[in-house]
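Have a go at each task before you read the solution under it.

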Amino acid sequence: MSAEIRIPSIVKIGGGSFAEVAGLLLRLQCRRPLIVTDPFLMSSGLPKRLRTQIQDAGLSCEIFHQTKADPTTAIVEEGVRVFVGGGHDSLVSLGGGSPIDTAKAIGLMATNGGKVSDFKTPKTPCIDCPIHLAIPTTAGTGSEVTRFTVITDVETGEKMLVAGDVLLPTAAVVDYELTLTMPPRLTADTGIDSLTHAIEAYVSRKASSFTDALALAAMKTIWRELPISFLEPGNHTARAAMMLAATQAGIAFSNASVALVHGMSRPLGAYFHVPHGLSNAMLLPAVTAFSVEAAVGRYADCARTMGVISADTTDEVAVHYLIQSLYQRNAELQVPSPRQFGIDKGQYFDLIPSMTAQAFASGSPQNNPRIPTAEDVEAIYRQAWQ
């Protein structure tokens, strides 16, 4: 089977590449970009440094910093008003997955009109978005190279997946130096998010030889370097490796799709405000244990590539150690269960049917090597509680 691969037209990778943003915008013939970021980064001064760099290149530039974790339709609507009202012709997103996802949705609505819910999966937007240059400040989401955005509907509470080629950023600047100040919790959560991207891309029913190569390279690096980044935040070698691997995993899953972990994690974020990477981490071991029987060889490849067992170990033994290693890595990185996160037990169990319905509505479970029933998904949610 053939595979159609979509990646940004330009991806700059390496320490110090942040200084090249203005030049890249000039190459893309942007004249009035809008920077989309969040309040935390705004307080750090980084967006103002970026604006100064862009203005010094002769471009007009403003900042929209109202984005937040789990971006909502209300935030997107406000961003569209700022974008259109300010006569902006392009977007520069700066931050983790939330600002990048918000910028994608702003561009989508500025050109397509209507509501974000009009385009949630399986519908596909088709009108091109404005030029979008994405600058990640975390090593995890891979959103700078993906065709997806996730926006929470303030009317229904649903965390909606929107997918389409028009959402793919035009360019990305991937500078690991922007991650050196990430706290350990964010490092762990975004790191396991990128590991989940790599594993799910490799076992996805839509995987290809192109995505396989990137997914395997990413998971090998992430498994080795994430504990170092977690324990030694200032380690430049580990940070650079994690940033590259997160981008590789992003390209892999953008072109192969994610699977059951992501389908189940989005409702956890929508209902209980669990950060996306953390909700993936909560679910990855249990979902892997459920899925391995349908793709033993593929999961064994993951185990061997990550180095949790030797190359000559049988597939059956390899997948056993993979599952155990995922649980152990969560313990090492202090990943809490939903119970330990502080979620109310009664509310959690009452919402399991609704979370299950939303997981299936995203379409991601259908990419899983073992396609679950509703009863299967509910059982995994119950198992993950502890």
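**Exercise 1. Find which residues Ser204 touches, beyond those up to four places away in sequence, and decide whether Ser204 is buried or exposed.**

Start with the contacts: Ser204 touches Ala256, Ser257 and Asn367, with residues up to four places away in sequence not counted. Contact here means heavy atoms within 4.5 Å. Helices are DSSP runs of H or I with at least four residues, strands are runs of E with at least two, and both are numbered from the N terminus. Last, the accessibility: Ser204 counts as buried because its relative accessibility is 6%. The cut-offs are under 20% relative accessible area for buried, over 50% for exposed, and partly exposed in between, using a 1.4 Å probe and protein chains only.

Before going on, two ground rules. This is a predicted model, so to speak, with residues numbered from 1 along each chain as its sequence is written. Local features need pLDDT of at least 70 and side-chain atom pairs count only at pLDDT 80 or more, while totals for chains, interfaces and linings use all residues, and side-chain values use heavy atoms, with hydrogens and water left out.

**Exercise 2. Work out in which order the strands of the open sheet run, and which strands stand at the edges.**

Take the order to begin with: six strands make an open sheet, 1-8-5-4-2-3, with parallel pairing. Two strands pair if DSSP finds at least two bridges between them. Now the edges: strand 1 (10-13) and strand 3 (62-64) each have a single partner strand, so one side of each lacks a neighbour in the sheet. The twist from one strand to the next averages 20°.

Then go through some of the pairs:

- Strand 1 and strand 8 pair in the parallel sense over four bridges, and Ile13 has Val174 as its bridge partner in strand 8.
- Strand 5 and strand 8 run parallel and are joined by two bridges; Leu133 stands opposite Ala171 in strand 8.
- Strand 2 (residues 33-36) is joined to strand 3 by three bridges, again parallel, with Val36 opposite Phe64.

**Exercise 3. Say what covers the sheet: look at the faces of strand 8 and at what helix 4 lies across.**

For strand 8 (residues 171-174), both faces are covered: Ala171 and Val173 on one side, Ala172 and Val174 on the other, are all buried. Helix 4 (residues 73-85) lies across strand 2, strand 3 and strand 4 (90-95), at about 165° to strand 3. Helix 5 (residues 97-112) lies across strands 2, 3, 4 and 5 (131-136), at about 165° to strand 4. For these angles, axes are lines fitted to C-alpha atoms, for helices over the stretch in contact, and angles run from 0 to 180 degrees between N-to-C directions.

Zoom in on Leu34, which lies in strand 2. Leu34 is buried, at 0% relative accessible area. Its contacts beyond four places in sequence include Phe64, Val82, Phe83 and Leu91.

**Exercise 4. Find which residues touch the most other members of the largest nonpolar core.**

A nonpolar core is a set of buried Ala, Val, Leu, Ile, Met, Phe, Trp, Tyr and Cys residues joined through side-chain atoms within 4.5 Å. The largest has 76 residues, and Met219, Met264, Met306, Tyr348 and Tyr381 touch the most other members. Helix 8 (residues 236-256) gives the most to this core, with nine residues. Met306 touches Ile199, Met219, Trp223, Leu322 and Leu326, leaving out residues up to four places away in sequence. There's also a second, separate core of 23 residues, including Leu28, Cys30, Leu50 and Val173.

**Exercise 5. Is Ala198 buried or exposed, and where does Tyr271 lie?**

Ala198 is in helix 6 (residues 184-203). Ala198 counts as buried because its relative accessibility is 0%. Tyr271, for its part, is found in helix 9. Tyr271 counts as partly exposed, at 24% relative accessibility. With neighbours within four places set aside, Tyr271 is in contact with Leu351, Ser354, Met355 and Gln358.
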